[in-house]
Amino acid sequence: MLDSLITSKTRIKLLLKFFLNASTKAYLRGLAEEFGESTNSIRLELNHLEEAGLLKSESEGNKKVYQANSAHPLFHDIRNLVLKHSGITQIIDQVVEKTGDIEKVWVKGDFARGKDSDTVELVVMGNHINAAYFNSLLKKVEDLIKRNIRYVIISSDSEAQINHTGAQNLLIWEK
């Protein structure tokens, strides 16, 4: 979807990086290594996004670190587009909302770090979730979004473990 609106693959990668998880910070060389692209192509796109006010930057030592500008008037609209592109919105609409016993959902793995991936990793918290029904809904969404969905279901008692695993988790839905 985004690739039909935005022709620059680098710009799409940057939008995913910074708008999937708005707390993500990154610098030029780190992005070049992560994306496997030249620093010049990334610098050009970072400059465009910063000039448009979509990204903000600050100096940390000798590095210029970029982050999404959550105060920009289009921040929420762009974030919603990015979430739709990733399939996360469809997961919430088609699965979580239809499974009544879910309390919270986190995204973990690549998407939580702002990286596009063929697999969406979820942590689903709730009690008495009908696993067979939940799984059947996820299979339908996988076909729709053309991504694999891996998940783990935890009980409400286990929420404290989410933030102690050391991995970055992004809360995307809460009842």
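Tutor: What follows takes the terms one by one and checks them against the values.

Tutor: This is a predicted model, in which local features need pLDDT of at least 70 and side-chain atom pairs count only at pLDDT 80 or more, while totals for chains, interfaces and linings use all residues. Residues are numbered from 1 along each chain as its sequence is written, and side-chain values use heavy atoms, with hydrogens and water left out.

Student: Why is Asn 21 called buried?

Tutor: Buried means under 20% relative accessible area, exposed means over 50%, and partly exposed lies in between, with a 1.4 Å probe and protein chains only. Asn 21 has a relative accessible area of 5%, so the residue is buried. Asn 21 sits in the loop between helix H2 (9–20) and S1. Helices (H or I, at least four residues) and strands (E, at least two) are DSSP runs, numbered from the N terminus.

Student: What does Asn 21 touch?

Tutor: Contact means heavy atoms within 4.5 Å. Leaving aside residues up to four places away in sequence, Asn 21 touches Ala 112, Gln 168 and Leu 170. With Ala 112 there is also a pair of polar atoms: the backbone oxygen of Ala 112 lies 2.8 Å from a polar atom of the Asn 21 side chain. A polar contact is a pair of N or O atoms within 3.5 Å; within protein, one must be able to donate a hydrogen and the other to accept it, and residues adjacent in sequence count only if both atoms are side-chain atoms.

Student: Is Gln 67 counted as buried or exposed, and what makes it so?

Tutor: Gln 67 has 17% relative accessibility, so this residue counts as buried. Gln 67 lies in strand S3. Its contacts, not counting residues up to four places away in sequence, include Phe 18, Ala 22, Lys 25 and Leu 55. The backbone oxygen of Ala 22 lies 3.2 Å from a polar atom of the Gln 67 side chain.

Student: What makes S1 and S3 a pair?

Tutor: Two strands pair if DSSP finds at least two bridges between them. S1 and strand S3 (residues 63–68) have three bridges, in the antiparallel sense. Lys 25 stands opposite Gln 67 in S3.

Student: Why are S1 and S2 said to stand at the edges?

Tutor: The open sheet has three strands in the order S1-S3-S2, with antiparallel pairing. Strand S1 (25–27) and strand S2 (55–60) each have a single partner strand, so one side of each is left without a neighbour in the sheet. Neighbouring strands of this sheet are turned by 35° against each other on average, direction ignored. Axes are lines fitted to C-alpha atoms, for helices over the stretch in contact, and angles run from 0 to 180 degrees between N-to-C directions.

Student: How do you know that the length of H7 agrees with its number of residues?

Tutor: The expected span of a helix is 1.5 Å times one less than its number of residues. For the 15 residues of helix H7 (residues 131–145) this should be 21 Å, and the end C-alpha atoms are 21 Å apart, which agrees.

Student: How do you know that the buried residues of H7 line one face?

Tutor: The residues concerned are Phe 134, Leu 137, Leu 138, Val 141, Glu 142 and Ile 145. Seen down the axis of H7, they fall within an arc of 150°, so they line one face of the helix. The arc is that of the directions from the helix axis to the C-beta atoms. On the other side of H7, Ala 132, Lys 140 and Asp 143 are exposed.

Student: What makes the buried residues of H6 lie on the same side?

Tutor: Ile 88, Ile 91, Ile 92, Val 95 and Val 96 are the buried residues of H6. They cover an arc of only 110° around the axis, which puts them on the same side of H6.

Student: Why is S4 called mostly covered?

Tutor: Five of the seven residues of S4 are buried. S4 pairs with S5 over six antiparallel bridges, and five bridges join S4 to strand S7 (residues 169–174), also antiparallel. One of the residue pairs is Trp 106 with its bridge partner Leu 171 in S7.

Student: What leaves S6 and S7 at the edges?

Tutor: The four strands form an open sheet in the order S6-S5-S4-S7, with mixed pairing. S6 and S7 each have a single partner strand, so one side of each is left without a neighbour in the sheet. H6 packs on this sheet, touching S4, S5, S6 and S7, and H7 lies across S4, S5 and S6, running at about 155° to S6.
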